[in-house]
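Colleague: I am new to this one. Please take me closely through a single part.

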Amino acid sequence: NPAQAVVMGLKKSYTFIAQTYLTLKGLLQRTISPDTLVGPVGIVSMSYKIVASQPLIYYVYFLGLISCALAVMNLLPLPIVDGGVIVLLIIEKIKGSPISPKVQEVISYAGLLLLISLFVLLTYRDILRMVTQ
């Protein structure tokens, strides 16, 4: 039944989004170790493991989880992602004028540096995890 499939998809999406927020909260509160995070290499590795050993529906769930996690990350109030742009627009609305282009540039570069650093760190940990297992 297509209606049931839509409802199930919405429930799973809600669950995945809630799990992502709870993970972020746990990371900030230090109740979840950053060592549990995976980057692109870990995601590809887990994809291969799921496809090789589980029914296709588990891979579909995994892709849904990744999609929801990326949506949440995109809306975080960090520079260079959409959430950061929203924050800048709110500041502009409150201030009544745009933030200077130089400040916006510095904020964008800082956000880019943060994301690249996180990407490199997670990729390094993924490769290290694969080598040591």
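Colleague: What covers the buried residues of α2?

Modeller: The cover includes α3 (56-74) and α5 (101-132). Some ground rules come before the detail. This is a predicted model, where local features need pLDDT of at least 70, side-chain atom pairs count only at pLDDT 80 or more, and totals for chains, interfaces and linings use all residues. Residues are numbered from 1 along each chain as its sequence is written, and side-chain values use heavy atoms, with hydrogens and water left out. Helices are DSSP runs (H or I, at least four residues), numbered from the N terminus.

Now α2 itself. Helix α2 spans residues 40-53, 14 residues in total. From first C-alpha to last, α2 reaches 20 Å, close to the 20 Å expected at 1.5 Å a residue. That expected span is 1.5 Å times one less than the number of residues. The buried residues of α2 are Gly42, Ser45, Ser47 and Ile50. Buried means under 20% relative accessible area (1.4 Å probe, protein chains only).

Next, the pairing with α5. Two packed helices are described by the angle between their axes and the distance between the axes. The axes of α2 and α5 come within 7 Å and cross at roughly 45°. Axes are lines fitted to C-alpha atoms, for helices over the stretch in contact, with angles from 0 to 180 degrees between N-to-C directions. The two helices, α2 and α5, are therefore oblique to each other. Oblique is what remains after under 35 degrees (roughly parallel), over 145 (roughly antiparallel) and 65 to 115 (roughly perpendicular).

On the α2 side, Pro40, Val41, Gly42 and Ser45 take part. They meet Phe119, Thr123, Asp126, Ile127 and Met130 of α5. Contact means heavy atoms within 4.5 Å.

Definitions and conventions: Buried means under 20% relative accessible area, exposed over 50%, partly exposed in between (1.4 Å probe, protein chains only).
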